[in-house]
Structures are given as C-alpha cells and as structure tokens.
Amino acid sequence: MALQQLFEEAVATSKTLDTKPDNDILLQLYSLYKQSTEGDINIEPPANMFDFVGKAKFDAWTNLKGKSKEDAMQDYINLVNKLKG
C-alpha cells in the first residue's frame, strides 16, 4: 500500500480514537500532519503573546523543519498505530 494512502487512513483513524490523546500527543499529531501536507513551516509566529495554543502549535511545527514529508507521514502513521494499540 502506498505511503500516501496509509497516511490518509491514519488521519481518518486519528479522528476516531477511543480516548482523546493528551495535549503533547495532539501537538505531535498536528505538527506531523502539517509537515506531511505542507512541508517546512510557512507561517508567521502568532502576534498575540497570549495565544499560547497558537505558539505551541507554531513551535511544534517549527521543530520539524527539515524533516521530509515522507518521514513525517511515516512518523504520523506510527504514532496513530501506537495510539490505537
């Protein structure tokens, strides 16, 4: 099965997990998804210094800079498989 298809299945599965992952895992899923679909971060950091969620998302995605889309997809798939375990 092609990596893209496995990734799309993992994205669908992530929305139907039995329990909601904690915030750290959600940030990992978010950043891996963004890196997989858009590549290196391409947005400005949040302008509002009290936008803690936006800052956390920005930082999580920034930390993946340089990771290939394919590696990010595989990491996303692995994480979802671990969560549904």
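Analyst: A crossing counts as left-handed if the near helix is turned anticlockwise from the far one by less than a right angle, and as right-handed if clockwise. The model is a predicted one, in which local features need pLDDT of at least 70 and side-chain atom pairs count only at pLDDT 80 or more, while totals for chains, interfaces and linings use all residues. Residues are numbered from 1 along each chain as its sequence is written, and side-chain values use heavy atoms, with hydrogens and water left out.

User: What is the hand of the crossing in which α1 passes α4?

Analyst: Helices here are DSSP runs of H or I with at least four residues, strands being E runs of at least two, and both are numbered from the N terminus. Helix α1 covers residues 3-14 and helix α4 covers residues 69-84, and the two pack with their axes 9 Å apart at an angle of about 40°. Because angles under 35 degrees count as roughly parallel, over 145 as roughly antiparallel, 65 to 115 as roughly perpendicular and the rest as oblique, α1 is oblique to α4. The crossing in which α1 passes α4 is left-handed.

User: At roughly what angle do the axes of α2 and α3 cross?

Analyst: Axes are lines fitted to C-alpha atoms, for helices over the stretch in contact, and angles run from 0 to 180 degrees between N-to-C directions. α2 passes α3 in a right-handed crossing. The axes of α2 and α3 come within 9 Å, and they cross at roughly 55°. That angle makes α2 oblique to α3, the value asked for being roughly 55°.

User: How many salt bridges does the structure hold?

Analyst: A salt bridge is a side-chain nitrogen of Lys or Arg within 4 Å of a carboxyl oxygen of Asp or Glu. One of them joins Lys55 to Asp59, with the closest N and O atoms 2.9 Å apart, and another joins Asp75 to Lys67, where the closest N and O atoms are 2.5 Å apart. A further salt bridge links the side chains of Lys34 and Glu38. The number of salt bridges in the structure is three.

User: Is Lys34 buried or exposed?

Analyst: Lys34 and Glu38 both lie in helix α2 (residues 23-38), four residues apart, which is about one turn of the helix, and the N to O distance of their salt bridge is 2.7 Å. Buried means under 20% relative accessible area, exposed over 50%, and partly exposed in between, with a 1.4 Å probe and protein chains only. Glu38, at 35%, is therefore partly exposed. Lys34, with a relative accessibility of 18%, counts as buried.

User: Which residues form a nonpolar patch on the surface?

Analyst: Patches are made of residues with over 30% relative accessible area and no salt bridge, like charges being joined within 9 Å and nonpolar side chains (Val, Leu, Ile, Met, Phe, Trp, Tyr) within 5 Å. Accessible areas come from the Shrake-Rupley method with a 1.4 Å probe, and for residues only the protein chains shown count as cover. One member, Phe52, is found in helix α3 (residues 52-62) and is exposed at 59% relative accessible area. The nonpolar patch has about 420 Å² of accessible area together, and its residues are Met49, Phe50 and Phe52.
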